[in-house]
Amino acid sequence: MVGEVRRRSTRTPWPSGVESGPLDATERRQLDVVRRFGTVGSLLLAIGSLGAGAAPVFNPVFRIPVLGLFSRMTTVSLAFAFTGVFMIVLAWLALGRLSRPGRERAVSVPQMARTLVMWIAPLVFTVPSFSRDVYSYLAQSEIVALGQDPYTVGPAQALGINHPLTQGVPTMWRETPSPYGPLFLTLGKAVNWLTGDHVVMGVAAHRLLALLGLAMIVWALPRLARRFGVSPVSALWLGAANPLVLFHLVVGVHNEALAIGLMLVGFELALSRMPRVTPDGPFPPWQRGELFWYAVGAAVITLGAAVKIPAALALGFLGVMIARRMGGRWKHLFQVAGGLFVVFAVVLSATSFGSGLGYGWVATLNTAATIKSWMAPMTALGFGAGWLGILLGLGNHIDAAITAGRLVGSVIGPLIAAKLLLDSFRWKLRPLTGLGVGLGAVLVFGATVQPWYLLWAAVPLAAAAGNTRFRTAAMVVSAVLAVALGPTGSTFDGRVFVLPYAYIGAIVVTALAVAAVWRHVPRAERAPGAAVTPGTP
């Protein structure tokens with residue numbers, strides 16, 4: 001079920017017993033070129049964000065000599081930003097060739113980690129881009145710091161529309177209560193105590209929280225990958241170096257970084273003492289410290305749920321693994337479910353009431369549903385049905401159609417997750433794979449979908465699904481979504497004409513950059529087969 005912890009190595013272990021060797025001199029030069037190409041892309045994105053990012057209302061860069069010019073040149077800034085985006089995505093794809101499962105020689109874990117640090121370093125100093133959510137974090141945390149309830153009032157009511165933290169919040173969110181868990185708002189409260197209403201310092205502090213979450217992901221991914229027979233380098237490439245991670249967790253400063261990081265760390269800690277078992281046994285007695293680490297892991301996962309609730313689904317798949325380790329009978333599953341529920345209830349209650357916020361956050365979990373996004377399949381289906389009704393002369397029933405579509409999605413997603421739990425319990429599926437797919441199903445069939453939601457599925461699957469077809473599909477989807485969203489964090493109403501010029505300029509510059517390094521780009525190698533991990537779940 002779960003392999004014992006293997007000895008750390010800079011080489012890439014494989015289920016067949018074959019290890020990828022270190023890169024040769026030519027491949028090391030290729031890796032250096034890929035690293036620098038991606039780092040230049042990060043620098044260009046950082047520069048472009050000065051004028052194209054989701055800057056605060058009172059942009060301090062505006063008054064800085066030279067740098068302030070970018071905030072006055074939207075088209076040029078967008079061209080810089082899109083060039084950076086394209087170069088990072090291309091560098092990531094090239095890095096994937098050097099970390100592909102089954103290669104005779106592959107990038108090592110330390111080399112992958114150093115590459116990730118090089119790409120992230122410039123992004124730490126970017127203006128928030130791709131989303132304005134971080135300004136909502138600041139405003140909602142200020143509500144907590146003032147002793148008010150963020151689950152009943154929005155920033156405009158609690159702080160006033162002229163407050164500097166309210167002004168950065170998108171208009172649609174100024175009247176809405178917070179959908180985030182008590183742990184995140186408590187951390188945000190500490191941030192606001194330190195930074196006050198200084199927006200730039202507040203954003204920097206929240207970015208540190210996001211980097212802490214990313215560090216947890218980087219720590220847990222290779223360890224979980226080794227347990228499930230997947231290349232740790234490949235897991236880091238797909239789950240940590242993914243452009244969606246760089247753009248939306250680091251640059252966009254989303255709290256998914258903290259929630260996913262806690263979820264994965266909790267999963268790894270819980271498995272740290274789990275013995276190896278098979279469906280036919282033997283099932284050894286409890287090992288020393290085993291129950292303690294199950295409780296610790298479950299508690300850490302619960303803390304992730306206290307940031308964003310989807311992390312709670314990991315407890316179900318962890319429970320399946322513990323039940324299978326006990327013998328795989330239904331009574332074991334119910335016993336484990338009861339124990340994990342106690343841990344979940346105690347930790348979540350301690351977090352909720354210890355923060356002084358209580359359980360009011362449960363009633364606001366669906367706040368994001370106020371957005372009608374075409375990226376959500378069930379919402380898009382509602383739009384399509386409504387427009388069809390208009391064409392047929394049946395009247396405008398778009399809102400009713402969207403409501404019906406979302407209701408169906410709210411049933412389908414949990415049903416898929418339940419089926420995956422059952423399949424994992426019956427040894428038909430790896431529990432971590434089930435977790436990734438289950439999170440993806442619940443979120444994709446939810447009321448609203450954003451590009452960074454994909455990371456809830458992609459990051460766990462990176463450590464559990466080594467199938468070449470999955471890796472290719474995840475690579476394509478990640479690359480497409482990475483370039484699909486502009487860095488402004490808002491629409492281009494009134495200046496749509498800017499986009500074509502920015503795209504054309506970015507494509508030309510990127511093409512020239514690729515031509516300059518083409519001789520040193522890693523070449524694709526034929527994969528040894530579709531399955532690169534063992535079939536045992």
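**Figure 1. Alanine 457 in helix α18.** Alanine 457 is buried, with a relative accessible area of 10%. In this predicted model, the residue belongs to helix α18. When neighbours within four places in sequence are set aside, alanine 457 is in contact with Gly436 and Gly440.

**Figure 2. Helix α17 and its cover.** Helix α17 comprises residues 431-444. At 1.5 Å a residue, its 14 residues should span 20 Å, and the end C-alpha atoms are 19 Å apart, which agrees. The helix is mostly covered, since 11 of its 14 residues are buried. The buried residues include the glycines Gly434, Gly436, Gly438 and Gly440, together with Leu432, Leu435, Leu439 and Leu443; Pro431, Thr433 and Ala441 are also among them. The cover over the buried residues of α17 includes α8 (199-227), α11 (256-271), α13 (313-326), α16 (398-425) and α18 (454-464).

**Figure 3. Helix α14 and the glycine that follows.** The 25 residues of α14 should span 36 Å at 1.5 Å a residue; the end C-alpha atoms are 35 Å apart, which agrees. Buried positions in α14 include His332, Leu333, Val336, Leu340 and Val343, and also Phe344, Val347, Leu348, Thr351 and Ser352. The buried residues of this helix pack against α7, α12 (290-305), α13 and α16. Glycine 356 follows α14 and has a positive phi, near 80°.

Figure 4. Serine 355 is placed in the loop between α14 (330-354) and α15 (377-391). Its relative accessible area is 16%, so serine 355 counts as buried, the limit being under 20%. The side chain of serine 355 reaches the backbone nitrogen of leucine 357 at 3.3 Å. Not counting residues up to four places away in sequence, serine 355 touches Pro182, Thr186 and Ala350.

**Figure 5. Asparagine 192 in helix α7.** Asparagine 192 lies in helix α7, which covers residues 182-195. The residue is buried, with a relative accessible area of 3%. Apart from neighbours within four places in sequence, asparagine 192 has contacts with Leu138, Ser141, Glu142 and Leu165.

**Figure 6. Aromatic pairs.** The structure holds 15 aromatic pairs. One of them joins tyrosine 137 and tyrosine 180 in an edge-to-face arrangement, with 5.2 Å from centre to centre and 85° between the planes. This pair links distant parts of the chain, 43 residues apart: tyrosine 137 is in helix α4 (residues 133-145), whereas tyrosine 180 is in the loop between α6 (164-167) and α7. Tyrosine 137 is buried, with a relative accessible area of 2%. Tyrosine 180 counts as buried at 9% relative accessibility. The ring centres of tyrosine 359 and tryptophan 361 are 6.4 Å apart and the planes stand at 25°, so this pair is stacked.

**Figure 7. An aromatic cluster and a charge over a ring.** Phe82, Phe86 and Tyr503 form one aromatic cluster. Elsewhere in the model, arginine 324 lies over the face of tryptophan 427, at 4.0 Å from the ring centre.

**Figure 8. Helix α2 within the chain.** Helix α2 covers residues 74-98. Its 25 residues should span 36 Å at 1.5 Å a residue, and the end C-alpha atoms are 36 Å apart, which agrees. Because 18 of the 25 residues are buried, α2 is largely enclosed by the rest of the structure. The chain as a whole has 20 helices and 0 strands, and buried residues make up 56% of its 537 residues. Of the contacts between residues at least 6 apart in sequence, 78% join residues at least 24 apart. The accessible surface of the chain comes to about 22,600 Å², and 68% of this surface belongs to carbon and sulfur atoms.

Key:
Residues numbered from 1 in each chain as written. Predicted model: local features only at pLDDT ≥ 70, side-chain atom pairs only at ≥ 80, totals over all residues. Heavy atoms only, no water. Helix = DSSP H or I, 4+ residues; strand = E, 2+ residues; numbered from the N terminus. Buried < 20%, exposed > 50% of the residue type's maximum accessible area, 1.4 Å probe, protein only. Contact = heavy atoms within 4.5 Å. Polar contact = N/O pair within 3.5 Å; in protein donor to acceptor, adjacent residues only side chain to side chain. Expected span 1.5 Å × (residues − 1). Areas by Shrake-Rupley, 256 points an atom, 1.4 Å probe, with all protein chains shown as cover. Phe/Tyr/Trp six-rings, centres within 6.5 Å; stacked < 30°, edge-to-face > 60°. Lys NZ or Arg CZ within 6 Å of the ring centre and 35° of its normal.
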